[in-house]
Amino acid sequence: MNVLTPIISLIGSLALLLYGMKLMSDGVQKSAGEKLQRALSVITGNRFIALLTGLVVTMIIQSSGATTVMVVTFVNSGLMTLTQSVGVIFGANIGTTITAWIVSLFGFSFSISAFAVPVFGFGYFLTILSKKRSGYRNLGEAIMGFGMLFLGLSGLSKVFSPDQLGFLFDIDGSGFLAIVISFIIGIVITALLHSSSAFSAIVITMAYNGLINWPLAAAMTLGSNIGSTIDAILAAIGKSADARRSALIHVLFNVLGTVVAFIFFNPFLHLVTILTPGQENSNIAIRISMLHTVFKTLSTIILLPMQSILVKLTQKFIKDDPDDRPAQYKLVFTNLMGKDSITTHIIQVEKAIADMTDVVTDMFDKIQIGITKRNNDFIDNYKEEMSKTEDYVDQMHEQITHYLINCEKFQLTEKQLNHISSMIQIVDELENMSDSCFGTIMLICRSIEKKMTFKTEDMERLLPYIELVRQFLQFIRININKTLTPEKLELARELEDGIDAFRKDLKKVARKRLEGGADVKSELLYIDMVRAIEHIGDNCFSISESLVNG
């Protein structure tokens, strides 16, 4: 029991620390994370702005893993280029050192538990007194997480002491073997915890209580930098070539920096000691935080000018994706230990919906080609291709809808719930639109195969009608992930009314031709084409209404 009790305390304290960090990060992301993440998704190509953005975002959300997962997701979605991602990744690595500084500056200056309990209580009452899903509630959760973090740290400080579990964790010596073992421990435990910040808190606690010396604490800290790449690696599995390359750049940053630090291990530690106030007599907790910051900063200074070299290196390691569109569409939903957030998923779905709109628009363009060139070449070139495309859109519909349903499992705000509901409806309308496009193309093919004849002026009457629907489709394409203003909705209504009026005129002319003795099969097929094209306009207007409500 003498050993079992502190082990249980260790597990409980570690759980408090990890959950506190997650609660704090989630609370901040819910209250301010959407703007931060959308800022990431539209970042410019300037490497220094990218670096600063990655640094600030990570400092605020307290998780370089979360930032890196966002970056990999955005690169995979095409919202961020591989080159743009480099600076953000470097900045995230510097920003993650803030947790170590919080722990070292506040964790051992006074009674942690005396400070943590009131903070947690304040956060709790802020959440219950606030409206459900309000910004104050999210802030309260972040404050609760902050308090839990220090409660966990207080427990770890008691457990990692000579009279508790000290005999299990007392690693002595500063020789090469001891340093290597400490380095490996840092990699393994950080990878298991999915948090270099949490492991930094553990190392600081152990060093402060005298269980490990300065060189071993430094080796563990350096090892944790490599272990922290696990989230980027997991996030990149099954993603595009550039997404995997961005994850590889994150790995290279940490590995190359660590190799350099180990080559100059003793001089590096001496530099950190000089930079720390008090130098040899400095607080070891402060010294470890300084090491973390100096390592990340020096790595960035060395590697940032080599940005283009790193990009080219990853391009050699990882081959380009095939140019052709894959036969099967996949949009894989992954939830990486809370490292990804609902906003990240929503941004990825928005890109997928934009891609789906492009595919449907391309299908519609084939209608005009068929109307103007009604010959066997059209059948040879497009009939089978459009059949495959229509099946591909069906796959997109299924995959995106399934992804959005998974998003509903998150704790969502009312605005996010409405947005997801609107996106599900938009995807339905796009799929219906592809059915209408495919149906119209098949009608054109049938008219060619059956050698049906139409007067030239009758087919020419369809062209302005098709052009009006094309304008509406382009309007949707431009605004697909935006909130429509009342003025834009009114424009959509005018386009819809214009299409309806055009359809009535075309059907009226077709009926007159029927009454005049025209070929029945040809005229009925003509009316079917007019109706199918009009349905596309209806789908566009339904999407417009969803964009207002979403």
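Author: Gladly. Keep in mind that this is a predicted model. Start with H345, which lies in helix α17, residues 342–372.

Reader: Is H345 buried or exposed?

Author: Buried means under 20% relative accessible area. H345 has 3% relative accessibility, so H345 counts as buried.

Reader: Which side chain does H345 join in a polar contact?

Author: That of Y403. The two side chains are joined by a polar contact of 2.6 Å.

Reader: Next, T53. Which helix holds T53?

Author: Helix α2, which covers residues 47–61. The cut-off for buried is under 20%. T53 counts as buried because its relative accessibility is 18%.

Reader: Which backbone oxygen does the T53 side chain reach?

Author: The backbone oxygen of I49, at 2.7 Å.

Reader: Now a helix pair. At roughly what angle do the axes of α11 and α15 cross?

Author: Roughly 40 degrees, and the axes come within 10 Å. Helix α11 spans residues 214–227 and helix α15 spans residues 284–303.

Reader: Is the crossing of α11 and α15 left-handed or right-handed?

Author: Right-handed.

Reader: Which residues make the contact?

Author: From α11, W214, A217, A218, T221, L222 and N225. From α15, I284, R287, I288, L291, H292, F295 and K296.

Reader: How many of the residues in the contact of α11 with α15 are nonpolar, polar and charged?

Author: Eight are nonpolar, three polar and two charged.

Terms used:
Residues numbered from 1 in each chain as written. Predicted model: local features only at pLDDT ≥ 70, side-chain atom pairs only at ≥ 80, totals over all residues. Heavy atoms only, no water. Helix = DSSP H or I, 4+ residues; strand = E, 2+ residues; numbered from the N terminus. Buried < 20%, exposed > 50% of the residue type's maximum accessible area, 1.4 Å probe, protein only. Polar contact = N/O pair within 3.5 Å; in protein donor to acceptor, adjacent residues only side chain to side chain. Axes fitted to C-alpha atoms, helices over the stretch in contact; angles between N-to-C directions. Left-handed = near helix turned anticlockwise from the far one by under 90°. Contact = heavy atoms within 4.5 Å. Nonpolar A, V, L, I, M, F, W, Y, C, P; charged D, E, K, R; others polar.
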